[in-house]
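Subject: Structure handover

Hi,

Here is the structure I promised you. Please open it alongside this email; my notes follow below.

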Amino acid sequence: MTNTQQQIKELEKKAHRELVEIQDPSALEAWRVLYIGRSGKLPEMLRNVKNLPDEEKRIVGKEGNALRRDLEEAYEEKRHAVSKDQEVGLPRVALPAGGAKWGHLHPLTLSMNRIIEIFSAMGFIIADGPEVEEGKYNFDALNIPLDHPARGEGDTFMIDPKSIGGEKDIVLRTQTSPMQIRSVQSMHLTPPFKLIAPGRVFRREKADATHESTFYQFEGLGISETISIADFKGIVAEFFTLFFQKEVTVRLRPSYFPFVEPGFEVDMSCVFCKEGCRICKHTGWIEVMGAGMVHPNVLKNMNIDPEKYQGFAFGGAIDRLTMIRHGVTDIRMFWSGDIRFLRQFS
Ligand code: DAH
């Protein structure tokens with residue numbers, strides 16, 4: 001390779017490398033003047049070709065002209081790209097630098113992370129599972145009979161089995177409770193163990209200030225030979241104390257869920273008042289989750305012997321805890337995409 005050919009190669013490399021970095025029209029114009037403008041580096045080089053020996057003249061002339069076409073094309077392409085950026089008003093050109101804000105996690109993600117952190121520290125493992133779930137896990141294995149009202153199309157988003165080329169009964173999970181059986185099966189768990197499964201759930205309901213068709217729950221499950229309601233009570237009191245960063249006590253009220261026996265609602269002492277306020281509806285207690293001792297049928301569905309083992313299960317709504325913690329009065333704000341709302345959680 002002759003000296004001039006070498007120079008052409010280097011010029012080519014340098015010009016392309018610099019062009020890639022360019023983001024605004026004035027820098028592009030400077031590039032054009034420097035490389036392909038009338039007094040630019042390439043035309044100057046081509047002007048000198050006439051002084052070369054005949055043999056070299058031909059080769060270098062050809063290569064130099066090819067490079068000129070190449071750079072002109074690259075320039076046109078870049079010009080197009082840069083002016084497009086300007087049309088859509090990309091701030092790097094249209095606005096002075098500065099003023100950009102750091103992003104941050106969504107309040108529900110922050111709560112979920114906090115829940116995971118607290119339970120992990122207490123020795124719970126974390127399980128994750130599908131949002132599109134088999135009816136078998138969402139209902140049957142949880143001892144929810146076919147004629148249970150929650151199984152109707154009125155409450156559940158059903159997936160047409162034909163649309164997925166199968167026969168199976170498929171739904172958008174209405175609760176994280178199917179994760180009880182699913183995690184034990186998929187992670188091959190044998191007692192003793194404790195787990196939580198946070199995740200998104202779906203209900204076919206009209207949205208209002210306290211209901212959304214999409215929200216987040218966290219499911220808990222703890223099984224051993226001796227684990228008791230007293231253990232459960234201690235664990236959740238500790239959880240809520242850490243979550244709300246305020247000493248709380250919990251109380252259990254009898255309730256019914258098909259997958260536990262006995263079942264109860266869990267209330268925590270109001271984190272805002274001592275003598276009654278609007279949040280606790282002047283009772284001093286706030287309802288925070290459903291729970292119970294795992295029903296023997298559900299243990300059987302996990303392949304765990306109900307004669308030998310027992311366990312607690314609980315389920316709470318992450319949206320609700322987040323609303324209580326931050327005084328959010330309308331659940332729909334979480335999905336509103338309203339940046340003024342979201343910025344408050346940075
Ligand atoms: N899955 C129930 C719901 O969505 C909440 C629940 C209640 C979960 C009792 C449990 C439980 O694990 O034991 O309303």
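Helices (H or I, at least four residues) and strands (E, at least two) are DSSP runs, numbered from the N terminus.

Two notes on the source. This is a predicted model: local features need pLDDT of at least 70, side-chain atom pairs count only at pLDDT 80 or more, and totals for chains, interfaces and linings use all residues. Residues are numbered from 1 along each chain as its sequence is written, and side-chain values use heavy atoms, with hydrogens and water left out.

The ligand site

Which atoms approach the ligand's oxygens? Glu219 places a polar side-chain atom 2.6 Å from a ligand oxygen. For Gln217, a polar side-chain atom is 2.9 Å from a ligand oxygen. Phe314 uses its backbone: an N or O atom there lies 3.3 Å from an oxygen of the ligand. The ligand alone exposes 350 Å², and the protein buries 89% of that. Areas come from the Shrake-Rupley method with a 1.4 Å probe; for residues, only the protein chains shown count as cover.

The chain overall

The chain has 12 helices and 10 strands. Its C-alpha atoms fill a box of roughly 100 × 50 × 40 Å along the principal axes. Of its 346 residues, 43% count as buried. The chain exposes about 19600 Å², with carbon and sulfur atoms supplying 52% of it.

One residue to look at

Glu153 sits in the loop between α7 (135-138) and β3 (158-159). Is Glu153 buried or exposed? Glu153 counts as exposed because its relative accessibility is 54%. The cut-offs are under 20% relative accessible area for buried, over 50% for exposed, and partly exposed in between (1.4 Å probe, protein chains only). Leaving out residues up to four places away in sequence, Glu153 touches Met158 and Arg204. Contact means heavy atoms within 4.5 Å.

Best wishes

Conventions:
Polar contact = N/O pair within 3.5 Å; in protein donor to acceptor, adjacent residues only side chain to side chain.
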